[in-house]
Amino acid sequence: MAKKSKIAKQKQREKKVAKYAAQRAEMKAAGDYYGLSQLPRDASPTRLHNRCEFTGRPRGYIRHFGVSRIVMREMAHRGELPGVRKASW
């Protein structure tokens, strides 16, 4: 389980990226790199990191399901993921 502060910080970044997305796109299209540098650093989408929705784990993230490998395995065992069957794990 990730620290709650890391999960909260990630959510803040996601909100900030969404807030400044249109403004960033305009400035980028116009070539206004000085204006881009004046925006908050966390407004850049490259600052985002994929995290598991349930545990907040940053590693072993599976994009298709939006969870980490550990949670995906547990969900597959319980039959909560449609179309996923246990093979040899």
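Arg51 touches Ala2, Lys6, Gln10, Gly56, Arg57, Pro58, Tyr61 and Gly66, leaving out residues up to four places away in sequence; touching, or contact, means heavy atoms within 4.5 Å. This is a predicted model, where local features need pLDDT of at least 70, side-chain atom pairs count only at pLDDT 80 or more, and totals for chains, interfaces and linings use all residues. Residues are numbered from 1 along each chain as its sequence is written, and side-chain values use heavy atoms, with hydrogens and water left out.

Staying with Arg51: this residue sits in the loop between α2 and β1. Its C-alpha atom is separated by 7.2 Å from that of Val67, 16 residues apart along the chain.

Arg57 is in the loop between α2 (33–38) and β1 (61–62). Is Arg57 buried, exposed or partly exposed? Arg57 is partly exposed, at a relative accessible area of 27%; the cut-offs are under 20% for buried, over 50% for exposed, and partly exposed in between, with a 1.4 Å probe and protein chains only. Not counting residues up to four places away in sequence, Arg57 touches Ala2, Asn50, Arg51, Cys52, Ser68, Arg69 and Ile70.

Gln10 counts as buried, at 6% relative accessibility. Beyond its neighbours within four places in sequence, Gln10 is in contact with Leu48, His49 and Arg51.

Lys15 is also in helix α1, but Lys15 is exposed, with a relative accessible area of 66%. Lys15 and Ala43 are 28 residues apart in sequence, and their C-alpha atoms are 8.6 Å apart in space.

Now the overall fold. The protein has 3 helices and 2 strands, which are DSSP runs numbered from the N terminus, H or I of at least four residues for helices and E of at least two for strands. Along the sequence the order is α-α-β-β-α. The radius of gyration is 18 Å, well over the 12 Å that the globule rule gives for 89 residues, so the protein is more spread out than a compact globule. That radius is taken over C-alpha atoms, and the rule is 2.2 Å times the number of residues to the power 0.38. The C-alpha trace spans about 55 × 25 × 15 Å along its principal axes.

Of the 89 residues, 26% are buried. Among contacts with a separation of 6 or more, 30% are between residues 24 or more positions apart.

Next, the cores. Which residues make up the largest nonpolar core? They are Cys52, Val67, Val71, Met72, Met75, Ala76 and Leu81, 7 residues in all. Helix α3 (residues 69–78) gives this core its largest share, 4 residues. A nonpolar core here is a set of buried Ala, Val, Leu, Ile, Met, Phe, Trp, Tyr and Cys residues joined through side-chain atoms within 4.5 Å. Met75 is in contact with Phe54, Glu80 and Leu81, leaving aside neighbours within four places in sequence. Apart from this core lies another, of 5 residues, including Tyr20, Met27, Leu36 and Leu39.

Last, charge. The protein has 22 positive and 7 negative charges, and their mean positions are 8 Å apart. Lys and Arg count as positive, Asp and Glu as negative, and His and the chain ends are not counted. Each charge is placed at NZ of Lys, CZ of Arg, CG of Asp or CD of Glu.
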